[in-house]
Each structure stands twice: as C-alpha cells, then as structure tokens.
Amino acid sequence: MSVPYKIVGHRLCPYVQRVVIVMREKGLAFERTDIDLDNKPFWLQDISPGRQVPVFRIGPDDWLFESGAIARYLDRVSGGGLMPDDPLAQARHEAWMGYADGLLSIVARIIYRDADASALSASMTELAERLKTIDERFRPRPYFAGEAFGLVDAVFATLFRYFPVLDAASDAKLEAGLPGALADWWTVVRRRASVTDAVPRTYEAELIRFIAGKESHAGQVLAQLNARRQEGRREQTAWLRR
Ligand SMILES: N[C@@H](CCC(=O)N[C@@H](CS)C(=O)NCC(=O)O)C(=O)O
C-alpha cells in the first residue's frame with residue numbers, strides 16, 4: 001500500500017508554501033497538517049531536527065526537512081522542469097533563491113524586531129532597493145526561470161505576498177512601487193493556481209492578525225488598523241439593525 005505524501009506546516013509560513021507550490025505544479029497529491037508553532041506538538045522533534053516546518057513525509061517513518069531540499073527532491077523524482085538543467089544556470093537560480101531568503105530575513109525583522117517608525121522605514125527602503133537590484137540584474141522574461149514557471153518563481157512569490165500587508169503598516173509602498181518587469185511578473189504569478197492554493201483564502205487577514213500580535217512597530221500599526229476595522233464593522237452592523 002502506498003503511503004501518501006504528507007506536509008507538516010504552518011498556515012502562513014513562506015517555506016511551507018514553496019513545497020506546496022511544487023506539489024501543485026507537479027499535480028502530486030498530498031495531505032497537509034498545519035501546526036501551532038507557539039505550541040509545537042511533541043512529535044515534531046522526532047521528524048524535524050530543528051523543530052521547524054515544513055517537514056515532508058516521503059514514506060513510512062521517512063521524513064525530509066528543509067524546504068529547498070524537499071522542493072528539489074520532488075522536482076527530480078517527478079521529471080524535473082522546475083530548475084534549469086545547465087549547471088551554471090542552476091547555480092545562478094540557487095544564488096537568487098539565496099538572495100530571496102535575505103529579503104525574507106528583512107521581512108522577519110520588520111515583523112518581529114523593528115521597534116519604531118524609523119527602523120521600519122529603513123527596512124522598507126532596504127527591501128525596495130533590493131527589489132530594484134532584482135529588476136536590474138535578474139529581470140523576469142516573463143518568468144524568472146524564462147519561458148516556464150520554476151522554483152525560483154515560487155520562492156519569489158512567497159516573498160511578494162507579504163507586500164500588501166507590509167504596505168498597510170508603513171508609509172512606504174512596495175507593491176505600488178514595484179519596477180515594471182517585476183510588477184508585470186507579479187500580476188501574472190499572484191493569480192497562478194499553485195500560488196493561490198498554497199495559502200488559506202483568508203491569508204491576508206490572518207497575516208495582519210499574526211503581525212498585530214507582535215510587539216514591533218508594524219505590529220502596533222496593524223493592531224490599530226484591525227481595531228479600526230472592527231469598530232467600522234460594529235458600526236455598520238448597528239446601522240443595519242437600526
Ligand atoms: N530553512 C528552513 C526554514 C524553515 C522555517 O524557518 N520555518 C519556520 C516557520 S516559517 C519555523 O518552523 N519556525 C519555528 C521555529 O523556528 O521554532 C526551511 O527552508 O525549511
């Protein structure tokens with residue numbers, strides 16, 4: 001009897017999304033269990049040495065960790081196509097995925113650590129500058145991988161998905177300010193089924209609530225925004241009942 005592929009993840013985690021996007025692109029069936037990272041199940045340590053997600057079951061009691069390793073493995077065992085065959089092109093894609101990880105670290109700094117408006121603004125500026133660098137040196141044509149969607153597109157998609165929410169927390173606007181080629185790429189990729197299916201329908205609202213629970217400046221701004229929205233909804237309901 002074959003054992004289904006299983007992903008242990010978290011509803012909002014960008015690394016989990018990479019694996020899910022690959023599974024969807026390949027049309028592979030899987031089961032997904034999302035866990036609470038503030039209250040990790042005891043069994044996580046048995047299957048994930050760093051107690052992180054994603055973890056991926058490839059067979060009975062056989063688990064893989066690290067999103068990059070999982071994604072590349074899945075691509076190889078299902079006929080390839082998401083990474084270039086040429087070693088040099090492959091190395092360049094690896095390098096840009098590493099660059100995307102650097103941008104995700106800046107996003108994490110915004111969510112968890114930037115304590116005031118000026119720290120937030122500096123991080124947003126850094127993100128905008130790095131996006132400009134991507135546009136200049138690794139311009140999508142029309143995908144980052146060329147004619148076909150690839151793993152590097154999946155990785156960048158999980159990063160770009162943060163922008164509307166970060167923009168709501170700051171005066172700087174990443175999404176509206178995207179350089180032309182990146183804006184065109186994002187318009188297409190954000191609607192791709194594998195990308196939309198990698199997160200819950202309520203992703204944006206959940207992300208806002210998640211960040212609003214943090215003590216960072218972005219957290220405080222989004223908590224106020226949430227409170228205003230709730231107040232607006234209460235007033236609307238009261239008006240409808242009057
Ligand atoms: N390098 C890892 C990073 C995974 C990661 O940072 N996962 C986060 C959730 S997005 C996590 O499990 N955090 C819990 C923790 O570090 O304790 C990968 O690519 O799989």
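This is a predicted model: local features need pLDDT of at least 70, side-chain atom pairs count only at pLDDT 80 or more; totals for chains, interfaces and linings use all residues.
The parallel part of the pairing is found between strand S1 (residues 5-9) and S2, which are joined by five bridges. Within this pair, Val8 stands opposite Thr33 in S2.

## The antiparallel pairs

S1 and S3 pair in the antiparallel sense over three bridges, and here Val8 stands opposite Val55 in S3.

Val55 stands opposite Phe65 in S4, while the bridge partner of Phe56 in S4 is Leu64. The hairpin formed by S3 and S4 has two residues between the strands, and in this hairpin Asp61 takes a positive phi near 55°.

## Helix H6 and its two partners

Two packed helices are described by the angle between their axes and the distance between the axes. For helix H1 (residues 14-26) and helix H6 (residues 151-160), the axes come within 9 Å and cross at roughly 140°, which means that H1 is oblique to H6. The crossing by which H1 passes H6 is right-handed. On the H1 side the contact is made by Pro14, Gln17, Arg18, Ile21 and Val22, and on the H6 side by Leu151, Ala154, Val155, Thr158 and Leu159. Sorted by class, this contact of H1 with H6 has seven nonpolar, two polar and one charged residues.

H6 also packs with helix H4 (residues 87-112), at an angle of about 10° and with the axes 10 Å apart, so H4 is roughly parallel to H6. In this contact His93, Trp96, Met97, Ala100, Leu103 and Leu104 of H4 meet Val152, Val155, Phe156 and Leu159 of H6. The residues of the contact of H4 with H6 divide into nine nonpolar, one polar and no charged. Val155 and Leu159 of H6 take part in the contact with H1, and both are also listed in the contact with H4.

## The crossing of H10 and H11

Helix H10 (residues 203-212) and helix H11 (residues 217-241) have axes that come within 7 Å and cross at roughly 125°, and H10 is therefore oblique to H11. The crossing of H10 and H11 is left-handed. Its contact is made by Ile208, Arg209, Ile211 and Ala212 of H10 together with Ala218, Gly219, Leu222, Ala223 and Asn226 of H11. By class, the residues of the contact of H10 with H11 are six nonpolar, two polar and one charged.

## Backbone positions in the loops

The loop between helix H2 (44-47) and S3 holds Pro54, which is joined to Val53 by a cis peptide bond with omega of about 5°. Arg51 lies in the loop between H2 and S3 too, and its phi is near 55°, a positive value in a residue other than glycine.

A further cis peptide bond runs from Arg141 to Pro142, with omega near -15°. Pro142 has its place in the loop between helix H5 (117-137) and H6.

## Around the ligand

The residues around the ligand are His10, Cys13, Tyr15, Leu37, Arg51, Gln52, Val53, Pro54, Glu66, Ser67 and Gly68. By class, this shell has five nonpolar, four polar and two charged residues. Among the residues around the ligand are Val53 and Pro54, the two that are joined by a cis peptide bond. Arg51 is also one of the residues around the ligand, and Arg51 is the residue described above with a positive phi near 55°.

Note on methods. Residues are numbered from 1 along each chain as its sequence is written. A residue is near a molecule or strand if its C-beta atom, placed from the backbone, lies within 6 Å of it. Ala, Val, Leu, Ile, Met, Phe, Trp, Tyr, Cys and Pro count as nonpolar, Asp, Glu, Lys and Arg as charged, and the others, Gly among them, as polar. Axes are lines fitted to C-alpha atoms, for helices over the stretch in contact, and angles run from 0 to 180 degrees between N-to-C directions. Helices (H or I, at least four residues) and strands (E, at least two) are DSSP runs, numbered from the N terminus. Angles under 35 degrees count as roughly parallel, over 145 as roughly antiparallel, 65 to 115 as roughly perpendicular and the rest as oblique. A crossing is left-handed if the near helix is turned anticlockwise from the far one by less than a right angle, and right-handed if clockwise. Two residues are in contact if their C-beta atoms, placed from the backbone, lie within 7 Å. Two strands pair if DSSP finds at least two bridges between them.
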